[in-house]
Amino acid sequence: MRVLFLSPAYPPEMIDYTRGLAEVGATVFAVGDTPRAALPARVKPYIHDYMQVPRIMDEDDVIARATRWLRGKTIDRVLSNWEPLVILAARIRERWGVPGMSVDAVTGFRDKQLMKERVAAAGLRVPRSRRVFTERDTRAAAEEIGFPLIIKPIAGAGSADTYKVESRAELDATLVKMRNVGEASCEEFIEGEEYTYDTLSIGGTPAYENIARYLPKPLEMRSVERVSPIIITVRDMSQPRLRGGIELGRRVLKALGMGDGFTHMEWFLTPKGEAVFGEIGCRPGGAHLVDQMNYTSDIDLFREWARVACFQQFRATAPRKYNASIIFKRAQGEGTITRIEGLEEWVSACGDAVVEDRLLRPGTPRRNWKHTLLSDGHVLVRHPDWNETHRMSVAAAQNIQMFAE
Ligand SMILES: Nc1ncnc2c1ncn2[C@@H]1O[C@H](COP(=O)(O)OP(=O)(O)OP(=O)(O)O)[C@@H](O)[C@H]1O
Ligand SMILES: [Mg+2]
């Protein structure tokens with residue numbers, strides 16, 4: 001099994017997927033824009049051969065270079081687990097005649113308007129929405145959809161340029177802020193709780209499923225600095241209130257023609273108990289969500305993904321043992337972390353439930369919380385009981401404080 005894997009060391013969790021590929025016996029050819037000498041030592045043993053390209057996002061250039069580089073070799077899979085590169089991987093597959101999801105299928109997981117149209121065509125509940133290009137389009141769409149509404153880029157990520165708009169006056173102000181966005185989606189605002197529905201699928205049928213709860217909603221996580229975002233995987237997926245979301249997720253995979261690999265969907269649970277589609281990608285969730293799933297079930301989904309992608313097999317047993325919660329922290333003040341308060345007390349109160357402490361230590365520069373949900377680091381706890389997990393998470397959010405100067 002010879003695999004071309006795009007961007008094997010960035011973002012950093014790609015190193016684990018590269019490891020997974022090597023561990024299931026694949027020969028890994030990798031392409032990225034990191035200089036060969038700067039590849040982390042940890043990833044090197046898993047890579048058979050590497051080509052550095054000047055710009056990994058320049059699809060035509062990467063396709064031309066990779067085609068020259070691997071001419072005469074048989075490549076069995078072309079894979080990427082990073083959202084900006086999933087279309088590129090599909091284009092290379094089509095160009096070389098390698099099996100896997102087509103450009104058209106992958107586009108259904110990438111274009112936020114197209115995905116909603118395809119999901120709605122399958123009879124599933126999505127927010128009413130319009131694709132808009134100009135201010136005029138947006139005003140017309142707003143009149144049709146009504147307030148409150150959401151405006152967001154078609155190919156967005158990390159809630160960048162995503163706004164809740166409550167009135168015509170707010171719409172005017174938002175349009176000014178969005179002048180740099182070419183193509184946007186204008187949609188009905190859905191009230192309710194927000195969850196993920198994640199899978200590792202074979203031919204569009206989940207071999208592994210997961211649900212996680214966002215606290216607070218992602219838009220708030222990304223727009224209010226003083227919150228400590230919490231994401232908790234839900235151990236008990238059999239509870240009736242989640243049934244609609246799981247059913248929705250499974251049907252979305254069919255509607256969009258999912259193939260083999262990870263999916264990461266977001267959905268809303270309305271106060272009336274209805275599950276409404278949010279968005280989906282045909283790649284794993286970021287911000288350590290795969291680590292959380294691994295802690296939930298005591299498995300190695302990095303390796304199982306590789307087995308699925310290469311051989312369409314999933315071998316792990318995956319009991320749901322824990323709710324696994326990640327709590328991201330943001331320091332008060334700018335510059336360099338100077339001190340952390342409340343950590344020791346929290347760790348000793350939670351005991352064995354704490355599985356990771358990766359808060360940035362004093363002397364480290366702060367990360368930009370607007371650019372990355374990882375913020376100034378995280379702690380991760382797991383517990384079989386939801387209320388206990390929630391309680392420890394809220395305690396970490398409230399009682400651990402970081403400072404910077
Ligand atoms: N129709 C909607 N109704 C209510 N809230 C919405 C809606 N669309 C988006 N949001 C809010 O904005 C957030 C970001 O939107 P979305 O997930 O579509 O974009 P994104 O930038 O790809 O997100 P991310 O990369 O953070 O997952 C959602 O998680 C949700 O909190
Ligand atoms: Mg999202």
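This is a predicted model: local features need pLDDT of at least 70, side-chain atom pairs count only at pLDDT 80 or more; totals for chains, interfaces and linings use all residues.
Residues are numbered from 1 along each chain as its sequence is written, and chains are lettered from A and ligands numbered from 1 in the order in which they are written. Local features need pLDDT of at least 70, side-chain atom pairs count only at pLDDT 80 or more, and totals for chains, interfaces and linings use all residues; side-chain values use heavy atoms, with hydrogens and water left out.

Q: How many helices and strands does the protein chain have?
A: Helices (H or I, at least four residues) and strands (E, at least two) are DSSP runs, numbered from the N terminus. By that rule the protein chain has 13 helices and 18 strands.

Q: What is the radius of gyration of the protein chain?
A: The radius is taken over C-alpha atoms, and the globule rule is 2.2 Å times the number of residues to the power 0.38. For 405 residues that rule gives 22 Å. The chain comes close to this, so it is as compact as a globular protein of that length, with a radius of gyration of 21 Å.

Q: What percentage of the residues in the protein chain is buried?
A: Buried means under 20% relative accessible area, exposed over 50%, partly exposed in between (1.4 Å probe, protein chains only). Of the 405 residues, the buried share is 53%.

Q: Within what arc do the buried residues of α12 fall?
A: Helix α12 covers residues 343-350, and Leu 343, Trp 346 and Cys 350 are buried there. The arc is that of the directions from the helix axis to the C-beta atoms. The buried residues line one face of the helix, because seen down the axis they fall within an arc of 70 degrees.

Q: Which exposed residues does the face of α12 turned away from its buried side carry?
A: The buried residues of α12 have cover that includes β15 (337-341), β16 (354-357), β17 (378-383) and α13 (386-399). The face turned away carries Glu 344, Glu 345, Ser 348 and Ala 349.

Q: Which residues does Thr 18 touch, not counting those up to four places away in sequence?
A: Thr 18 is found in helix α1 (residues 14-23). Its relative accessible area is 0%, so Thr 18 is buried. Contact means heavy atoms within 4.5 Å. Thr 18 touches Phe 5, Pro 8, Val 28, Val 43, Tyr 46 and Ile 47.

Q: Is Leu 289 buried or exposed?
A: Leu 289 lies in helix α10 (residues 289-297). Beyond its neighbours within four places in sequence, Leu 289 is in contact with Thr 196, Asp 198, Ala 212, Ile 231 and His 264. At 4% relative accessibility, Leu 289 counts as buried.
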